[in-house]
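Me: Please show me the structure, and then let us work through a few questions about how one part of the fold is packed.

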Amino acid sequence: MSDGIRCMWMRGGTSKGGYFLKEDLPEDPARRDAILLRIMGSPDPRQIDGMGGADPLTSKVAIVSKSSRPGIDVDYLFLQVFVDQVLVSDAQNCGNILAGVGPFAIERGLVDAGEGTTSIAIHMVNTGQTTHAHVSCQNGKPVYTGEAKIDGVPGSAAAIPLEFEETAGSSCGALLPTGNVQDVVDGVPVTLIDNGMPCVILKAEDVGATGYESREELDTRDDVKAKVEAIRLKVGTMMNLGDVSQKSVPKMMLVAPPRAGGAISLRSLIPHRVHVSIGVFGAVSVATACLVKGSVAAPLAHVPEGQQLNLSIEHASGKMGCVVTLDNEGEVLRAGLLRTASKLMDGVVFP
């Protein structure tokens, strides 16, 4: 690897990381993961000898390849490279990094760009789901500049709408893996849900928080985090995830009534640090929980009427908007989000 490995560094949504062609990395997962740990500079809290940004949100990887699946353009494998552990996890999707997959696929010639908007069908290897990303293009290249703004990212960029299909139970086997809208763990009512991301919904006040703390404030609350982690470890098997002590799922969602005109307020733990905002699939799962009668979130949420709902999830750095379509029985049919991406660097990295 003395000649380096071809890589593009991109911001996707409120995360950033390295985007690789599958062919440029070793096929053997153990060798691949060892190289990615070196590229990121893990394990080290500062990741000083690598490209990682000393935060789970900036220590992420997308591996992309042309797909042989009917109706699919590219396959996308997401890997979370842990900052201070020798661990690379494929246990979840990342909808933020997903936002950069379409532009990257065009940049690498996996997809031919049309003029105007190019729609790209993406198979998410982690969970088997399909997403359609709609990428603005000009002269055969992705357009990154635009007027779309998302909380947690300064400035504006070109909008990349994402539409998700069949997200319910993608990791846990069912939208409500226990079959219950509420369970009680350590005396705390919880809703265990998976609509693209395994999540545990619990009232912030039930674990000694408010749900309105800043990221920095909540990160210092070791008492709250200890209670939340104890619950997380116990629900792993309940959610069909097994032993989650070394996994980055489920995400822990501390909810409270909205304060800024949204549907609900939350603070997301991912799982041991507080998220500066919220992950894409986490937002979809929380929005869904707001619509499930009897869930922990439902009585706290402000939900409009209708079948096409715009639900804004308030988080530590602003809001994330979800568009949810219900069927005639009130069940979630489709969910979508608007994201943006930026091309930051294209070249080679040296593990």
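Me: Which residues cover the two faces of strand 13?
Reply: This is a predicted model, in which local features need pLDDT of at least 70 and side-chain atom pairs count only at pLDDT 80 or more, while totals for chains, interfaces and linings use all residues. Residues are numbered from 1 along each chain as its sequence is written, and side-chain values use heavy atoms, with hydrogens and water left out. Strands are DSSP runs of E with at least two residues, numbered from the N terminus, and buried means under 20% relative accessible area (1.4 Å probe, protein chains only). Both faces of strand 13 are covered, the buried residues being Lys 251, Met 253 and Val 255 on one side and, on the other, Met 252, Leu 254 and Ala 256.

Me: Why is strand 13 largely enclosed by the rest of the structure?
Reply: Strand 13 spans residues 251-256. The strand is largely enclosed because, of its six residues, those that are buried number six.

Me: Which residue of strand 14 stands opposite Val 255?
Reply: Strands pair if DSSP finds at least two bridges between them. Strand 12 (residues 198-203) pairs with strand 13 in the parallel sense over five bridges, and there Lys 203 stands opposite Val 255. Strand 14 (residues 264-269) runs antiparallel to strand 13, joined to it by five bridges, and in strand 14 the residue opposite Val 255 is Leu 266.

Technical notes
Buried means under 20% relative accessible area, exposed over 50%, partly exposed in between (1.4 Å probe, protein chains only). Helices (H or I, at least four residues) and strands (E, at least two) are DSSP runs, numbered from the N terminus.
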